[in-house]
Amino acid sequence: MNNLPITFIVTALMLALFFFLIRYDRLRATTGHIGFFKRNGGMVGTYLIVGVGFWMLMTFLMPMVFMVDLSFHHKLPPSKVGGPEDVYTLDNYRMFLFGSKTSMDSLNWLHLRSFFMTIGISILLTLLTFAISYPLAYYMAQAARMQVLRLLLLLLIIPYWVNDILRAFAFRIVMAENGFLNTLLQGLGLTGGPIDFLGQNIALYVALCYSHLLIMIFPLYNAIEAQDHNQIEAARDLGAPWWHIHLFVVMPHAKPGIASGMTLTFMLTAGAVATPMVLGGPNSLWFTPIVYDRFYQLFDWPQGAAYAIVLLIACMTFVFGVLKISGLKLGEITK
């Protein structure tokens, strides 16, 4: 495969967009509006546009274009890339659905089950993370004194100075059959024997939920903190029960934060690689290690790209589903 033409096309599109913005900015300036470059200065305006363009080009557009293009190619040795055998094909997606590039007699249940389990469990873990995070975010935003708030923020941030790999192995040690948690439970007489937290994937789910708490808490905190506290007090004075206040006063106001936190948490959970590989039990079928194996065990990058694109489409479907349910537009989740 040859991605050079795509590189030039995308780069040309970005440059065309840049010059279009300059032209559009000058036209607005002639109608009395303060132009972007006039407001920010030429140097800062150029830096902002080039920086955002570079960010979008190198971290989003180019990798996505390359991955999509790669997913429609055969696995070929380097000497045949760009040759007559390097043609577009649906074999990699057929492999995901049917487990074979030539036969469609039966579905690839192993990978399909792993894919749908990953999506379903990621949705449940996202809801669980929201249920854990919301009370804390509400307390921090509307009830906590400044000193308590600073202490809570510090206690939340410090554990995340530990990287994902070290945190996953720490969970593995703590939740092993002879680990601290089983020893504590047996010592308190709560269990008659060790619980297989690793084999039943409980450690995996706990670690995934814990890893993304901050991703959920901060958007919730920002959204709830912006709400006028008098609205909550007014509802309380009118006799509304606590659940009514949260359901019909706080949550509607915090919808952008809820949507932002849930979409980020879901995408990071569904796309986690290191934690499932360290904490996944023998029966764990998290989808991302299967994708990883396509790349680094089978060295079949086109097939790995196809699997990754399928996961990306599922994640994007979830994001737009959340936006549809919440009645928000894409730009509103950044409020």
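**Close-up views**

**View 1. Phe96, Phe115, Phe116, Phe287 and Tyr307 make up one aromatic cluster.** The model is predicted: local features need pLDDT of at least 70, side-chain atom pairs count only at pLDDT 80 or more, and totals for chains, interfaces and linings use all residues. Residues are numbered from 1 along each chain as its sequence is written, and side-chain values use heavy atoms, with hydrogens and water left out. Two rings of Phe, Tyr or Trp (its six-membered ring) pair if their centres lie within 6.5 Å; planes under 30 degrees apart are called stacked, over 60 edge-to-face, and the rest tilted. Tyr307, a member of the cluster, also has Arg294 over its face, 5.5 Å from the ring centre. A charge sits over a ring if NZ of Lys or CZ of Arg is within 6 Å of the ring centre and within 35 degrees of the ring normal.

**View 2. Tyr292 and Tyr296 form a tilted pair.** The pairing rule gives a count of 16 aromatic pairs. In the pair of Tyr292 and Tyr296, the ring centres are 5.1 Å apart and the planes meet at 40 degrees, so the pair is classed as tilted. Both residues belong to helix H15 (residues 287–296), where they are four residues apart, about one helical turn. Helices (H or I, at least four residues) and strands (E, at least two) are DSSP runs, numbered from the N terminus. Tyr292 is partly exposed at a relative accessible area of 32%, and Tyr296 is partly exposed at 42%. Tyr296 also pairs with Phe295, again tilted, with 6.4 Å from centre to centre and 45 degrees between the planes. Phe295 is buried, its relative accessible area being 11%. Buried means under 20% relative accessible area, exposed over 50%, and partly exposed in between (1.4 Å probe, protein chains only).

**View 3. A nonpolar surface patch includes Tyr292, Tyr296 and Phe299.** Patches are made of residues with over 30% relative accessible area and no salt bridge; like charges are joined within 9 Å, and nonpolar side chains (Val, Leu, Ile, Met, Phe, Trp, Tyr) within 5 Å. Areas come from the Shrake-Rupley method with a 1.4 Å probe, and for residues only the protein chains shown count as cover. Phe299 sits in the loop between H15 and helix H16 (301–326). This residue is exposed, with 55% relative accessibility. Its phi is positive, near 55 degrees, although Phe299 is a residue other than glycine.

**View 4. Asn201 is a non-glycine residue with a positive phi of about 65 degrees.** The residue is part of the loop between helix H8 (180–187) and helix H9 (202–211). Asn201 is buried, at 10% relative accessibility.

View 5. The structure holds four salt bridges, each defined as a side-chain nitrogen of Lys or Arg within 4 Å of a carboxyl oxygen of Asp or Glu. Asp164 is partly exposed at 44% relative accessibility, whereas Arg167 is buried at 7%.

**View 6. Lys80 and Glu85 are joined by a salt bridge.** The N to O distance is 3.6 Å. Lys80 is partly exposed, with 36% relative accessibility. Glu85 is partly exposed as well, with 42%.

**View 7. Helix H11 (residues 229–237) is capped at its N-terminal end by Asp228.** A side-chain oxygen of Asp228 lies 3.0 Å from the backbone nitrogen of Asn230. A polar contact is a pair of N or O atoms within 3.5 Å; within protein, one must be able to donate a hydrogen and the other to accept it, and residues adjacent in sequence count only if both atoms are side-chain atoms. Within H11, Glu233 and Arg236 are three residues apart, about one turn of the helix. Their side chains meet in a salt bridge of 2.9 Å, N to O. Glu233 is partly exposed at 27% relative accessibility, and Arg236 is partly exposed at 42%. After H11 comes Gly239, with a positive phi near 90 degrees.
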